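Reader: I have a few questions about this one. Can you take me through it?

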Amino acid sequence: MALLEVKNLHTYFHTMDGLTKSVEGVSFSVDKGVTLGLVGESGCGKSVTSLSIMQLLACPPGEIHQGEILFQGDDLLKKTPDQMRRIRGNDISMIFQEPMTSLNPVFTVGNQIMEVLMIHKGMTEHEAKEKTISLFQDVGIPDPARRVDNYPHQMSGGMRQRVMIAMGLACDPKLLIADEPTTALDVTIQAQVLQLMRDIKKKTNTSIILITHNLAVVAEMADFIAVMYYGRLVEYAEVRDLYGNPKHPYTHGLLNSIPRVDKPKTAEALPAIPGVVPNPYNAPSGCKFHPRCKYAQRKCVDEEPPYVLLPGSDSHYCRCWFPVQD
Amino acid sequence: MSKKNIQSENASRNIPIITEEDVNEALPTYKPDALVACHKLRKYFPIHGGLLGRKIADVKAVDEITFQIRQGETHALVGESGSGKTTAAKTLIRLYDATSGDIFLRNFKTQAMDNITHARGANLRALRSEMQIVFQDPSGSLNPRIPVGDIIEEPLVVHGVKSRKERLERVVNIMEIVGLRAEYLKRYSHEFSGGQRQRIGIARALVLNPKFIVCDEAVSALDVSIQSQIINLLQDLQGKFNLTYLFIAHDLAVVRHMSDTIGVMYLGRLVESAPNDVLFNKPSHPYTQALLNAVPVPDPTIDRNKAIIMGDIPSPINPPSGCRFRTRCPKVMDICKEVSPPTKEIEPDHFIACHLF
Ligand SMILES: Nc1ncnc2c1ncn2[C@@H]1O[C@H](COP(=O)(O)OP(=O)(O)OP(=O)(O)O)[C@@H](O)[C@H]1O
Ligand SMILES: Nc1ncnc2c1ncn2[C@@H]1O[C@H](COP(=O)(O)OP(=O)(O)OP(=O)(O)O)[C@@H](O)[C@H]1O
Ligand code: SF4
Ligand code: SF4
Ligand SMILES: [Mg+2]
Ligand SMILES: [Mg+2]
């Protein structure tokens, strides 16, 4: 049984500008010990998907319109707020992009982790402090016994992100959702944090959903990749399959158009995907990628393609009438 | 170095210039096709403190950097956050006054390199039209209450293009060139997507026909698919107008694609500079190697067990003695603590500041 199974999730927002279907029919599953990379451009619905799983959406304006979120077989959407709070503390935890907004500036970083441990693990203050210091050690914060008494602003961005990871790991979660955990960091610090997450996964066998717009970061981290576009999953595959054999024209186009640090400079222009992501309040007909797709045909304009397993594969999914031929 | 006050033939830029020999004296490896250059450029920011607000220390944001950019080429500055890239660029284009050192810009009338370090008044205004900057956050630099056409037109007004008709023509023309439809003239910046806003920023920078443009993280905040479009636009414009770029970006993949030469900064110092292929194929400075090792590659088949550099960049207020990188350098030696490594040219156009060389 999968640890997490998201089935046909639809999350909508009712706003002054109208209804926006931010997540539309998303299905995927994450097994124990697996890292899933969820990638896509700004606004495609990555964060809304993870907030739906955590049930941290503000409703209204948000609404989980349809779907099931099975965690160890139980539908999280049927849980009471109290039950959900316990699951969030113990079983699933989340790391956000900007640690400054999720750390409270008026408490020391140590206190914030200790509080989690005291509430969710019933530890005494002394036990919680010991555990926090050992967590800081685990995430590579130098001089942990002194650092626990720091306030967030006294730490560098990389150190704050380590604190967030320590907090995410405090209760030994089964699933860690990391939403752009390294986007605000320098590449050197990003490499440190990614290495840390790999080490943790090896040691604890925690499942991870890593959300990012960076196709290079997920290539290094994930076992499976899910690509989102305009609220939908458009492709899902094992990592080597996705990079080696992308089938959706969007994935294919993106991988071809990004500059690469491991390839020499050429005089040619990048084969960029033309156009922009459609307006969230005004969806194009048929395939949502058709206005930008070089393979688009009449059928693509008329009918939205289903998200299906590709013939001959047991793990490569694609949402396209005319998958790219190799 | 003697600075002779020779009147430039260019009426719009009557700044004191120096002769070629003087430049050669200042820049031993001065290139005849350079467009901009700086020599031992420093920019310190004073920190005030205490009851009297006296100066208590300096942030040594840029500390004795020397480089030059050939006309029509792109020079990139890379390095971790806080290494001084933006400060170097803003000092170079005279948005900040240099603490010391010299800045040179080619004068196309005389073909000489003018020393523009201390240009003032009308000269400085003339320089503003020759050197422009495009920032990272397109929305932060665009006034939301002013229509896009007026935003792009503003530099023309400031620089005294009197005819309303001429201004409008130039605005429409530049909008077309950067891929914005002329019917957008009256719209406000918040009605545009991130990529379009960056096009507006580029249009405004280009409207005065500058020769030199600083792109400070100009494509960094853009979506993956839009980033490629804007990179192509910048390269296209470079070819069309023979522009020279100083390109600042934290994404080394973008830097490899865009630049002809690269300077690597660490805590206000230039630790290595080299042509593109040399820097990426044969990085020599331990910091450059660490930086390149840290860059993720969109290929899951490559080896993930790379040497990762530990620690954070130290404070520029009180940088480490000797080599500033020594607190994180895997190859640190005794001498590194005592002596600041001098810059050496280890092969043509390849400069490095490290005691290993
Ligand atoms: N509270 C909200 N009210 C209205 N619309 C919202 C709200 N939160 C998200 N949305 C919309 O849902 C869509 C998906 O947003 P989401 O934050 O999931 O994108 P994302 O993929 O995480 O993007 P990014 O890479 O920028 O973080 C967007 O169109 C966004 O405007
Ligand atoms: N106006 C200023 N006053 C005081 N200190 C400044 C000022 N501008 C920059 N600094 C300091 O100078 C140093 C270099 O900053 P700079 O912005 O040039 O770095 P950068 O390489 O552009 O970094 P980033 O990648 O974050 O943009 C930093 O320590 C910064 O805090
Ligand atoms: S369904 Fe058609 S338009 Fe959509 S991605 Fe496939 S080929 Fe392109
Ligand atoms: S000078 Fe010494 S500390 Fe600095 S980079 Fe070279 S070897 Fe490392
Ligand atoms: Mg998000
Ligand atoms: Mg900067």
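Author: What follows goes through ligand shells, the chain contact and some single residues.

Reader: What kind of model is it, and how are things numbered?

Author: This is a predicted model, in which local features need pLDDT of at least 70 and side-chain atom pairs count only at pLDDT 80 or more, while totals for chains, interfaces and linings use all residues. Residues are numbered from 1 along each chain as its sequence is written, chains are lettered from A and ligands numbered from 1 in the order in which they are written, and side-chain values use heavy atoms, with hydrogens and water left out.

Reader: Which residues are around ligand 2?

Author: B:Phe45, B:Val59, B:Ala61, B:Glu80, B:Ser81, B:Gly82, B:Ser83, B:Gly84, B:Lys85, B:Thr86, B:Thr87 and B:Pro316. A residue is near a molecule if one of its heavy atoms lies within 4 Å of it.

Reader: And by class, what does the shell around ligand 2 have?

Author: There are 4 nonpolar, 6 polar and 2 charged residues. Here Ala, Val, Leu, Ile, Met, Phe, Trp, Tyr, Cys and Pro count as nonpolar, Asp, Glu, Lys and Arg as charged, and the others, Gly among them, as polar.

Reader: Which element gives the largest share of the shell around ligand 2?

Author: H2(B), with 3 residues. Strand S2 (54–70) and helix H2 (85–92) of chain B each supply at least two residues of that shell. Helices (H or I, at least four residues) and strands (E, at least two) are DSSP runs, numbered from the N terminus.

Reader: How far is an oxygen atom of ligand 2 from the side chain of B:Lys85?

Author: An N or O atom in the B:Lys85 side chain is 2.8 Å from a ligand 2 oxygen. Polar backbone atoms also come in: one of B:Gly84 is 3.0 Å from an oxygen atom of the ligand, and one of B:Ser83 is 3.3 Å from an oxygen atom of the ligand. Taken alone, ligand 2 exposes 630 Å², and the protein buries 62% of that. Accessible areas come from the Shrake-Rupley method with a 1.4 Å probe; for residues, only the protein chains shown count as cover.

Reader: Where does B:Arg324 lie?

Author: In the loop between helix H10 (286–294) and helix H11 (334–338) of chain B. B:Arg324 counts as buried because its relative accessibility is 9%. Its side chain is joined to that of B:Asp63 by a polar contact of 2.5 Å. A polar contact is a pair of N or O atoms within 3.5 Å; within protein, one must be able to donate a hydrogen and the other to accept it, and residues adjacent in sequence count only if both atoms are side-chain atoms.

Reader: What else does B:Arg324 touch?

Author: Leaving out residues up to four places away in sequence, B:Arg324 touches B:Lys60, B:Asp63, B:Tyr266, B:Leu267, B:Arg269 and B:Pro319. Contact means heavy atoms within 4.5 Å.

Reader: B:Ile335, buried or partly exposed?

Author: Partly exposed, because its relative accessibility is 38%. B:Ile335 is found in helix H11 of chain B.

Reader: Changing topic. How much do chain B and chain A bury between them?

Author: About 3,700 Å², 59% of it on carbon and sulfur atoms. Buried area is the accessible area (1.4 Å probe) that two parts lose on being put together, summed over both. B:Val224, B:Pro298 and B:Arg304 supply 18% of the area that chain B buries against chain A, more than any other three residues. The contact takes 41 residues from chain B and 43 residues from chain A.

Reader: What about the classes around ligand 4?

Author: That shell has 8 nonpolar, 2 polar and 2 charged residues. Among them are B:Cys323, B:Cys329, B:Cys336 and B:Cys354.

Reader: Last one: why does A:Val26 count as buried?

Author: Because its relative accessibility is 1%. A:Val26 is found in strand S2 (residues 18–30) of chain A.

Note on methods. Buried < 20%, exposed > 50% of the residue type's maximum accessible area, 1.4 Å probe, protein only.
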